[in-house]
Amino acid sequence: MNTFVDFLDYLVVLAVAALLLGPSLYWAGRERRLERQIRAAGQDPRAVRDRHRREPAPGRTPGVTVRVGRGPSRA
């Protein structure tokens, strides 16, 4: 038997299994997150909203955008 062909056969089987199982595992994890958020919202209405709020970086004022770019062009 050719071991390289056998290896490719196993690789193809693993690739097909990954293509079939990947999306279902992704959605199962997403569903668990949604269920956790719904459960938290039932306990405290602010729990879901506050959990996803980003904290400002240290030393930065919230709501202030710093734009970095070229200075005035000189012709």
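Analyst: Five arginines form a positive surface patch: Arg30, Arg32, Arg33, Arg36 and Arg39. The model is a predicted one. Take Arg32 as the example. Arg32 sits in helix 1, which covers residues 3-43. Its relative accessible area is 63%. Exposed means over 50%, so Arg32 counts as exposed. A patch residue needs over 30% relative accessible area, and the 63% of Arg32 therefore passes that cut-off.

Helix 1 also holds Leu20. This leucine belongs to another kind of patch, a nonpolar one. Val12, Val16, Leu20, Leu21 and Leu25 make up that nonpolar patch, and its area is about 510 Å². Leu20 has a relative accessibility of 64%, so this residue is exposed. The patch cut-off is over 30%, and Leu20 therefore clears it with its 64%.

Now the aromatic residues. The structure contains one aromatic pair. Its partners are Tyr26 and Trp27, arranged edge-to-face. Edge-to-face calls for over 60 degrees. Tyr26 and Trp27 are both exposed.

Last, the whole chain. Its fold has two helices and zero strands. The chain has 75 residues, and 4% of them count as buried. Buried here means under 20% relative accessible area. The chain exposes about 7600 Å² in total.

Terms used. Residues numbered from 1 in each chain as written. Predicted model: local features only at pLDDT ≥ 70, side-chain atom pairs only at ≥ 80, totals over all residues. Heavy atoms only, no water. Patch = residues over 30% accessible without salt bridge, like charges linked within 9 Å, V, L, I, M, F, W, Y side chains within 5 Å. Areas by Shrake-Rupley, 256 points an atom, 1.4 Å probe, with all protein chains shown as cover. Salt bridge = Lys/Arg side-chain N within 4 Å of Asp/Glu carboxyl O. Lys, Arg positive; Asp, Glu negative; His and termini not counted. Charge placed at Lys NZ, Arg CZ, Asp CG, Glu CD. Helix = DSSP H or I, 4+ residues; strand = E, 2+ residues; numbered from the N terminus. Buried < 20%, exposed > 50% of the residue type's maximum accessible area, 1.4 Å probe, protein only. Phe/Tyr/Trp six-rings, centres within 6.5 Å; stacked < 30°, edge-to-face > 60°.
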